[in-house]
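Subject: Structure handover

Hello,

Please find the structure below. My notes on the helix packing and the sheet follow it.

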Amino acid sequence: EKDLGNDLAKVLITEEQIQAKIRELAEQIDADYAGKDLLLVAVLKGAVMVMADLSRALRSHVSLDFMAVSSYGSGTKSSGVVRILKDLDTDISGKHVLIVEDIVDSGLTLSWLIDNLRTRQPASLEVCAIMRKPEAVKTEIDVRYIGFDIPNEFVVGYGLDYSEKYRNLPFVGTLAPHVYSN
Ligand code: PRP
Ligand code: MN
Ligand code: MG
C-alpha cells in the first residue's frame, strides 16, 4: 500500500501518451515562436510536471517563471476569485508569454490569470494546457495549445493532486473508491 499505483481505478492517459503529446506541442511552439523570446509561466503547483517536460522538449531558448495562486471561497472547486501567493519575478511588458497549465477544469483560474497578466501588457499571451475538461467549463478560454480533452471525472497524476498526493505519478488516472472512504 506504499505503492502509489494501488490507489488507482484506471489509467486515463499513459506516460507514453503524455510524452508523445509534449513533443508534439513543443514542435508547434518552437515553430510558432521562432525568432522570438518566449517566457513560459507555470502556475504552481499542478503545472510543474508540464513545465519541466515541455521546456526540455523545446529546441529554442526560453525563460521560465512561476506564479502561485489560491482560490478564495470554500470547498475544493475554484471560485474564480483568486489571490496571488507568489507573483512573477519578471516584468512581462513587451514579452511573449505562454501560460503553462496542467488542466483547464472550470476555466475560472485561467480566466482570472489571463485578465491579470493582460493588464501588464505582454507582446502576446497564449495558453498551453495538457488537459481540458470540456464538460466542466464555466468560462470559455482560448487555449492555443491543448493536449487532451478528458471526461468530467476527478483525475490525479502528472501534477494533479488529491489532498496534495499523487502529483508525482507520471501518468493520469482516476482514484479507486477506497481512497475517498479512508
Ligand atoms: C488546479 C489545476 C488548475 C486549476 C484548474 O489547481 O492545477 O490550476 O485547478 O481548475 P479551474 O479550471 O476550475 O480553475 P489547484 O487550484 O488545485 O492548485 P494546485 O495546482 O496547487 O493543485
Ligand atoms: Mn493548479
Ligand atoms: Mg489541486
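Angles under 35 degrees count as roughly parallel, over 145 as roughly antiparallel, 65 to 115 as roughly perpendicular, and the rest as oblique. This is a predicted model, in which local features need pLDDT of at least 70 and side-chain atom pairs count only at pLDDT 80 or more, while totals for chains, interfaces and linings use all residues. Residues are numbered from 1 along each chain as its sequence is written, and chains are lettered from A and ligands numbered from 1 in the order in which they are written.

Helices (H or I, at least four residues) and strands (E, at least two) are DSSP runs numbered from the N terminus. Helix H1 (residues 15-32) packs against helix H2 (residues 48-57) at an angle of about 55 degrees, the axes being 8 Å apart; axes are lines fitted to C-alpha atoms, for helices over the stretch in contact, and angles run from 0 to 180 degrees between N-to-C directions. H1 and H2 are therefore oblique to each other. On the H1 side the contact (C-beta atoms, placed from the backbone, within 7 Å) is made by Ile22, Arg23, Leu25 and Ala26, and on the H2 side by Asp53, Leu54 and Ala57.

Six strands form an open sheet with mixed pairing, in the order S4-S3-S2-S5-S6-S7; two strands pair if DSSP finds at least two bridges between them. S4 (82-86) and S7 (145-149) are at the edges with a single partner strand each, so one side of each has no neighbour in the sheet. Neighbouring strands are turned by 30 degrees against each other on average, direction ignored. S5 (residues 96-104) and S6 (residues 124-132) pair in the parallel sense over eight bridges, and Met131 in S6 is the bridge partner of Ile103. H1 packs on this sheet, touching S5, S6 and S7, and its direction makes about 160 degrees with that of S7.

Regards

Key: Two residues are in contact if their C-beta atoms, placed from the backbone, lie within 7 Å.
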